[in-house]
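Subject: Structure for your review

Dear colleague,

Please find below the structure that I promised to pass on to you.

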Amino acid sequence: MIPKKIHYFWVGGTPMPDKNKVCIESWKKFCPDYDIVEWNESNYDFSKCIYMKQAYDAKMWGFVPDYARLDIIYREGGIYLDTDVEVIRNLDELLLCRAFMGFENKASVAPGLGFGAESGNEIIKRMRDMYEGCSFYFFDCR
């Protein structure tokens, strides 16, 4: 079962805009018994892979979590949400899945819209590992 934990990233040291705070409040409202964990420079190593480090060094904050969110969910399990995602109902029914992922449209998954998995999920690991050896600038995966 997916643990009752919501993970998100906030990097770069700038204050979080009110619109993002409103979204996080929606998580608390509809999932009051979930742990909500912020990941940032103080508790995550953004140099773990080249793609992520290059995105961080370029201050491309929206791309920094691409690898990290997969890594966290693979290692700890739970649900990942970008800070601009508003929850409109309880997420408990999704916890019964071994994994799930949001779709941007009928053909494209969008992990930032929300995804979750049990820790150790092989599909999440494969998605994470796709970033190994990739450049943020050229996305030249080997």
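This is a predicted model: local features need pLDDT of at least 70, side-chain atom pairs count only at pLDDT 80 or more; totals for chains, interfaces and linings use all residues.

Residues are numbered from 1 along each chain as its sequence is written, and side-chain values use heavy atoms, with hydrogens and water left out.

Strands

Helices and strands here are DSSP runs, numbered from the N terminus, with at least four residues (H or I) for a helix and at least two (E) for a strand. Strand 1, residues 5-9, is mostly covered, since four of its five residues are buried; buried stands for under 20% relative accessible area, exposed for over 50%, and partly exposed for values in between, with a 1.4 Å probe and protein chains only. Strand 1 pairs with strand 2 (residues 35-39) in the parallel sense over five bridges, where pairing requires that DSSP finds at least two bridges between the strands. From strand 1 the chain crosses through helix 1 (residues 18-30) to strand 2, and this β-α-β crossover is right-handed, in the sense that the path from the first strand over the helix to the second runs clockwise when the strands point away from the viewer. Strand 1 also pairs with strand 3 (residues 78-80), again in the parallel sense, over two bridges. Residue by residue, His7 has Val37 as its bridge partner in strand 2 and stands opposite Tyr80 in strand 3, while Phe9 has Trp39 as its bridge partner in strand 2.

Aromatic residues

Rings of Phe, Tyr and Trp (its six-membered ring) are taken to pair if their centres lie within 6.5 Å, and the planes count as stacked when under 30 degrees apart, edge-to-face when over 60, and tilted for the rest. By this rule there are 13 aromatic pairs. One of them joins Phe9 and Tyr44 in an edge-to-face arrangement, with 5.7 Å from centre to centre and 90° between the planes. Phe9 lies in strand 1 and Tyr44 in the loop between strand 2 and helix 2 (50-57), so this pair ties together parts that are 35 residues apart in sequence. Phe9 is buried, at 5% relative accessible area, and Tyr44 is buried as well, at 7%. The rings of Tyr56 and Trp61 have centres 5.1 Å apart and planes at 70°, so that pair too is edge-to-face. Tyr56 is partly exposed at 24%, and Trp61 is partly exposed at 28%. One aromatic cluster is formed by Phe9, Trp39, Tyr44, Phe46, Tyr56, Trp61, Tyr80 and Phe115.

Pockets

On a 1 Å grid over the protein atoms alone, a pocket is an open set of points where a 1.4 Å probe fits, with protein on both sides within 12 Å along at least five of seven lines, and lining residues have an atom within 4 Å of a point. Grid points are joined across faces, edges and corners, and a volume is the space filled by probe spheres set on the points. The largest pocket has a volume of about 300 Å³. It is lined by 15 residues, of which Leu81, Val87, Leu91, Leu94 and Leu113 are the closest to its centre. The second largest pocket holds about 210 Å³, and its lining includes Phe9, Trp61, Gly62, Tyr80 and Asp82.

Single residues

Gly62 is in the loop between helix 2 and helix 3 (65-76) and is exposed, with a relative accessible area of 62%. Gly62 and Asp82 are 20 residues apart in sequence, and their C-alpha atoms are 9.2 Å apart in space. Lys59 also lies in the loop between helix 2 and helix 3, is exposed at 56% relative accessibility, and has a phi near 60°, a positive value in a residue other than glycine.

With best wishes
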